[in-house]
Amino acid sequence: MKTEFKAKFLQQLNKKRKEEGFTLIELLVVIIIIGILSAIALPAFLNQANKAKQSEAKQYVSSINKGQQAYYAENTAFGSDVGALGLGLKTQTTNYEYTVGTTINGATTIANPVPSAASALKGYSGGVGLVTAGEAKTTQSILCQVSGSGVGNATQDEIPANATELTCSAGMEIVTK
């Protein structure tokens, strides 16, 4: 009789396991937890995506600055456009539009967000200029970004003839020198 009792007991336990499932309350709790986690993670993800897009502009402007310095070393003049520098960079990407301007004392590069991406991206500006270092002149580069938490378009002042150091224009802050 004891074995028969054990068999019936095991059959009863097995039936209960098959009939069990999640209750509505348990499912609602899981959905609420997922909603809270996604509400926290989504803004952080979007912020990281914008930082990645902005790093493109920093890299392009830095590359153009280095290309201008190399171009000046070979030609004793600054390149008038991105193609003349031989870098193989585009003047417009999905996120930014790049323009290059030159003067006798220097060259500037401006990276402004294209209108479709302008709502969340900062503008960047770079400059390469001849600066006085003792009795000689040498090239120096600078990378600036729009100041503050807001977004905006970049600007760059003309580089003065007897500058000893490059600076960012008003409303911008130095990223690298």
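**Figure 1. The whole chain and its surface.** The accessible surface of the protein comes to about 11,500 Å², and carbon and sulfur atoms account for 58% of that. Keep in mind that this is a predicted model. Of the 177 residues in the protein, 31% are buried. Count up the secondary structure and you get three helices and five strands. Starting from the N terminus, the elements run α-α-α-β-β-β-β-β. Now look at contacts between residues at least 6 apart in sequence: 58% of them join residues at least 24 apart.

**Figure 2. A nonpolar patch on the surface, with Ile25 as one of its members.** Here's a set of side chains to pick out: Leu24, Ile25, Leu28, Val29, Ile32, Ile33, Ile36, Leu37 and Ile40 make up a nonpolar surface patch. Put together, these residues have about 910 Å² of accessible area. Zoom in on Ile25, which sits in helix H2, residues 24–75. Is Ile25 buried or exposed? Its relative accessible area is 59%, so Ile25 counts as exposed, the cut-off for that being over 50%.

**Figure 3. The five-stranded sheet.** The strands line up in the order S1-S2-S3-S4-S5, giving an open sheet with antiparallel pairing. Which strands sit at the edges? They are strand S1 (96–102) and strand S5 (172–176), each of which pairs on one side only. Going from one strand to the next, the twist averages 30°.

Figure 4. Strand S4 (residues 136–146) and S5 run antiparallel and are joined by four bridges. For a residue-level look, find Leu143: its bridge partner in S5 is Thr176. Helix H2 packs on the sheet, where it touches S1, strand S2 (106–113), strand S3 (124–133) and S4. The direction of H2 makes about 30° with that of S3.

**Figure 5. Thr76, a residue with positive phi.** Follow the chain out of H2 and you come to the loop between H2 and helix H3 (82–85), which is where Thr76 lies. Why give this residue a close-up? Most residues other than glycine have a negative phi. Thr76 has a phi near 50°, a positive value in a residue that isn't glycine.

Terms used
Residues are numbered from 1 along each chain as its sequence is written. This is a predicted model: local features need pLDDT of at least 70, side-chain atom pairs count only at pLDDT 80 or more; totals for chains, interfaces and linings use all residues. Side-chain values use heavy atoms; hydrogens and water are left out. Helices (H or I, at least four residues) and strands (E, at least two) are DSSP runs, numbered from the N terminus. Buried means under 20% relative accessible area, exposed over 50%, partly exposed in between (1.4 Å probe, protein chains only). Contact means heavy atoms within 4.5 Å. Accessible areas come from the Shrake-Rupley method with a 1.4 Å probe; for residues, only the protein chains shown count as cover. Patches are made of residues with over 30% relative accessible area and no salt bridge: like charges are joined within 9 Å, nonpolar side chains (Val, Leu, Ile, Met, Phe, Trp, Tyr) within 5 Å. A salt bridge is a side-chain nitrogen of Lys or Arg within 4 Å of a carboxyl oxygen of Asp or Glu. Two strands pair if DSSP finds at least two bridges between them. Axes are lines fitted to C-alpha atoms, for helices over the stretch in contact, and angles run from 0 to 180 degrees between N-to-C directions.
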